[in-house]
Amino acid sequence: PPVKSTDDHKVAIDEKVKSGGEDINWDSVGFGLTPTDSMFIMKCPIGDKYSEGQLVPYGNFEISPSSSVLNYGQGLFEGMKVYRREDGRIMIFRPEENARRMQMGAERLLMQAPTTEQFIHAVKKTALANERWVPPYGTGTLYLRPLLIGSGAVLGIGPAPECTFLIFASPIGNSYKSGINAFNLSIETKLHRASPGGTGGIKSITNYAPVFESVKRAKAAGFDDVLFLDEETGKHIEEASSCNVFILKGNVISTPPIFGTILPGITRKSILEIARDCGYEVEERRVPVEDVLAADEVFCTGTAVIVTSVASITYQEQRVEYKTGEDTVCHRLRTTLTGIQTGLVEDKKGWTVQL
Ligand code: COI
């Protein structure tokens, strides 16, 4: 099972590194951390070039107490997966999109991101070094977490003089949380995730801790996650704590547009394209709560959640239920996407990269 406390974590490292993960019951692995063998790390003084970069054993590393990431939240992350195909080979999905998104975020936070080439090289090295942790076909994936942090020391507010790029890996199970194949969501009416002009549109680490409280409250009330509303009007849905959201009405699929407050998800972008190819009408538009409540289906997309049905949404005491299961558009889109990712469906778009 995924590790929880620091002590469990230590035990898990010792036991699982020895066993190479072969004894893991993949059905019980959710999205908890299972430490793996190696992580990739490289540094860059701002205005200079990245060092060569190297694989080092997974573990703690030193950082200045006055680093900009610790003091001012100058940091970005990405989420990616290594997929095992039926024939045993491993592949990654659209890595250049993650590289570009990190570059976009780095521009906003005054950091220096690796080039697309450097990023993909690092991803491949990390994936191959931890290959024994890629779960068997159909049981899960190896999740990669690229990080870009302002690691140089500062005191006054301002960007770090040095950035560190690193990638660590953890195998994860098939679903976001083991056993959940549809989400029950509540609409958050108290707090917001992002505001116009803020950082909602980049994968800044600072977008995530502020949602913990909303999610905790929702979970205490029996929900799986929350849907945030736009800060300007409080009338339109934006996204959940860590995934994008879509609604289906008839033959039309809609999702909020990328206007700076919505994370430009790579699964989101892929699903928009797959849905169009499947003959659905696809819209990127502001989606009022009334449309969500009147939808035939609702689903979430993200690297971690893939494409997951929403079973119900609760808004101000009103609960609406949606169609879930195998006879849904959500299921059709998910099957096509995961088929491409695992080599079952022909990749006509050049989205997959074999390692
Ligand atoms: C991902 O789907 O990779 C994410 O970034 C979500 C993460 C916060 C769990």
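**Stop 1: the ligand**

Start by selecting the ligand. Around it sit G79, Y208, S242, G302, T303 and A304. Colour this shell by residue class. Four of its residues are polar and two are nonpolar. Charged residues are absent from the shell. Keep in mind throughout that this is a predicted model.

**Stop 2: helices α3 and α4**

Next, select residues 95-108, which form helix α3, and residues 116-129, which form helix α4. The two helices pack against each other with their axes 9 Å apart. The angle between them is about 125 degrees. That value makes α3 oblique to α4. The crossing of α3 past α4 is right-handed.

Now show the side chains where the helices meet. From α3, pick P95, E96, A99, R100 and M102. From α4, pick T116, F119, I120 and V123. What classes do the residues of this contact divide into? Six are nonpolar, one is polar and two are charged.

**Stop 3: the loop between α3 and α4**

Stay here and move to the loop that links the two helices. Select L110, which is found in the loop between α3 and α4. Check its backbone: L110 is not a glycine, yet its phi is positive, about 55 degrees. Most residues other than glycine have a negative phi. L110 has 14 C-beta neighbours inside 10 Å, so it counts as partly exposed.

Then select P114, in the loop between α3 and α4. Is P114 buried or exposed? P114 counts as buried, because it has 23 C-beta neighbours inside 10 Å and the cut-off for buried is 20 or more. Leaving aside neighbours within four places in sequence, the contacts of P114 are Y50, F119, A122 and F165. F119 also belongs to the α4 side of the helix contact at the previous stop.

Draw a distance from P114 to M42. Their C-alpha atoms are 9.2 Å apart in space. In sequence, P114 and M42 are 72 residues apart.

**Stop 4**

Select R94, which lies in the loop between β5 (90-93) and α3. R94 has a positive phi, about 45 degrees, although it is not a glycine. R94 counts as partly exposed, because it has 19 C-beta neighbours inside 10 Å.

**Stop 4: around strand β1**

Select G53. This residue lies in the loop between β1 (38-45) and β2 (54-57). With 18 other C-beta atoms within 10 Å, G53 is partly exposed. Beyond its neighbours within four places in sequence, G53 is in contact with F40, I41, M42 and A122. Two of these names have come up before.

Now select L33, in the loop between α1 (6-19) and β1. L33 is partly exposed, with 17 other C-beta atoms within 10 Å. L33 and I172 are 139 residues apart in sequence. In space, C-alpha to C-alpha, L33 and I172 are 7.8 Å apart.

**Stop 5: the way into α6**

Move along to F259, in the loop between β12 (252-255) and α6. F259 counts as partly exposed, with 13 C-beta neighbours inside 10 Å.

**Stop 6: helices α6 and α8**

Finish with another helix pair. Select residues 266-277 for α6 and residues 329-342 for α8. Their axes come within 10 Å and cross at roughly 110 degrees. How are α6 and α8 set to each other? They are roughly perpendicular, because that class takes angles from 65 to 115 degrees. α6 passes α8 in a right-handed crossing.

Show the side chains at this contact. S270, I271, I274 and A275 come from α6. L333, T336 and L337 come from α8. By class, five of these residues are nonpolar and two are polar. This contact has no charged residues.

Technical notes: Residues are numbered from 1 along each chain as its sequence is written. This is a predicted model: local features need pLDDT of at least 70, side-chain atom pairs count only at pLDDT 80 or more; totals for chains, interfaces and linings use all residues. Axes are lines fitted to C-alpha atoms, for helices over the stretch in contact, and angles run from 0 to 180 degrees between N-to-C directions. Helices (H or I, at least four residues) and strands (E, at least two) are DSSP runs, numbered from the N terminus. Angles under 35 degrees count as roughly parallel, over 145 as roughly antiparallel, 65 to 115 as roughly perpendicular and the rest as oblique. A crossing is left-handed if the near helix is turned anticlockwise from the far one by less than a right angle, and right-handed if clockwise. Two residues are in contact if their C-beta atoms, placed from the backbone, lie within 7 Å. Ala, Val, Leu, Ile, Met, Phe, Trp, Tyr, Cys and Pro count as nonpolar, Asp, Glu, Lys and Arg as charged, and the others, Gly among them, as polar. A residue is near a molecule or strand if its C-beta atom, placed from the backbone, lies within 6 Å of it. A residue is buried if 20 or more other C-beta atoms lie within 10 Å of its own, exposed if 12 or fewer, and partly exposed in between; C-beta atoms are placed from the backbone.
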